[in-house]
Amino acid sequence: MLNEIYHAIDPVAFSIGPFSVRWYGLAYLFGFLLAGIIIYRTAKRWKINLSVDQLSNMVLAVVIGILIGGRLGYCLFYGDGYYISHPVEILFLNQGGMSFHGGLVGGLIAGILICKNQKMPILTFSDMAFIGCPLGLFFGRCANFINGELWGAPTNLSIGVVFGGSAGNIPRHPTQLYEGVLEGLVIFLVLFALSRKKKPLHQGAYTGLFLIMYATFRILIEFVRQPDAQLGYLFGGWLTMGMVLSIPLIVGGVCLLVYAKCAKREQQGIQNNV
């Protein structure tokens, strides 16, 4: 007989009078701060001229893009048409609902615009940003676990957690923690180690690797993650929305790696002809 693990974590970190601070909000804050620190230190190591003011402006722009894109992405991809009939509720952020893929698109659009404004090479900033990004994912997934949301399918493994509520009183895969480790810590350690090489990878390579690794881990975890109740499995099979949205990331990541490889060869050719 397995000893069941019961989820009993308060999503509120602390309260001051009527004002409550939730772990989810702190996760976003810590994630963005750490990403900014990683970007700054990477820029120094790569000898890229990036002032604190520039960094602040760029991170703030990307944060806004992520928040807007994450919310709109959730409403579009996971709303199952609900928000078309209730558009005002798109603004009800207190009801929850954020999409990584939507946040990724929003962050990329904001990043492109701010890079042009700050005269920063887009792929250079993107590479630095995606080295720090996984830390934010780690904290975000830990917050999902604290909130008792995005749980996995039923399991008989000893690591199963009973979340209660709509998840029922049965042990389930703590897929939030699986994602936190794989999409967060593992990707960060790989990209951070590669960024510290004496000769960094070519522009776009870090972004491409992030997209491929994230999408691969996300697709694998989706096999044991409970699909969103309003969507279920797509096309009457085993596909989930998370899988469908992750497939293009692999394609995009491969294209970026090919571009980085070709650009590196071209640069070597130019140097050899000098």
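**Strand pairing and helix packing in a predicted model**

Good morning. In strand β5, the bridge partner of V161 is R172.

V161 lies in strand β4, residues 161-162. Two strands, β4 and β5, are joined here by 2 bridges and run antiparallel. They belong to an open sheet of 3 strands, in the order β1-β4-β5, and the pairing within that sheet is mixed. Which strands form the edges? They are β1, residues 5-6, and β5, residues 171-172, each of which pairs on one side only.

Next, the hairpin. Strand β2, residues 12-16, pairs with strand β3, residues 19-22, in the antiparallel sense, over 4 bridges. Within this pairing, V12 has R22 of β3 as its bridge partner. The hairpin has 2 residues between its strands, and G17 adopts a positive phi near 65 degrees.

I turn now to the helices. Two packed helices are described by the angle between their axes and by the distance between those axes. Consider helix α1, residues 23-45, and helix α5, residues 122-147: they pack at an angle of about 160 degrees, and their axes are 8 Å apart. Angles over 145 degrees count as roughly antiparallel, and α1 and α5 are therefore roughly antiparallel to each other. The crossing of this pair is right-handed. As for the classes of residue in the contact of α1 with α5, there are 18 nonpolar and 7 polar residues, and no charged ones.

Helix α5 also packs with helix α6, residues 175-195, at an angle of about 165 degrees, with the axes 8 Å apart. These two helices, α5 and α6, are therefore roughly antiparallel as well. Which hand does the crossing of α5 and α6 have, left or right? Here α5 passes α6 in a left-handed crossing, whereas the crossing of α1 and α5 is right-handed.

Finally, the cysteines. How many disulfides are there? The count comes to 0, where a disulfide requires a pair of cysteine sulfur atoms within 2.5 Å. Take C142: the closest cysteine sulfur to its own is that of C133, at 14 Å, which is too far for a bond. C142 has a relative accessibility of 24%, so this residue counts as partly exposed. C75, by contrast, counts as buried, because its relative accessibility is 9%; the cut-off for buried is under 20%.

Thank you. I would be glad to take questions.

Conventions:
Residues numbered from 1 in each chain as written. Predicted model: local features only at pLDDT ≥ 70, side-chain atom pairs only at ≥ 80, totals over all residues. Heavy atoms only, no water. Axes fitted to C-alpha atoms, helices over the stretch in contact; angles between N-to-C directions. Parallel < 35°, antiparallel > 145°, perpendicular 65-115°, else oblique. Left-handed = near helix turned anticlockwise from the far one by under 90°. Nonpolar A, V, L, I, M, F, W, Y, C, P; charged D, E, K, R; others polar. Buried < 20%, exposed > 50% of the residue type's maximum accessible area, 1.4 Å probe, protein only. Pairing = 2+ DSSP bridges.
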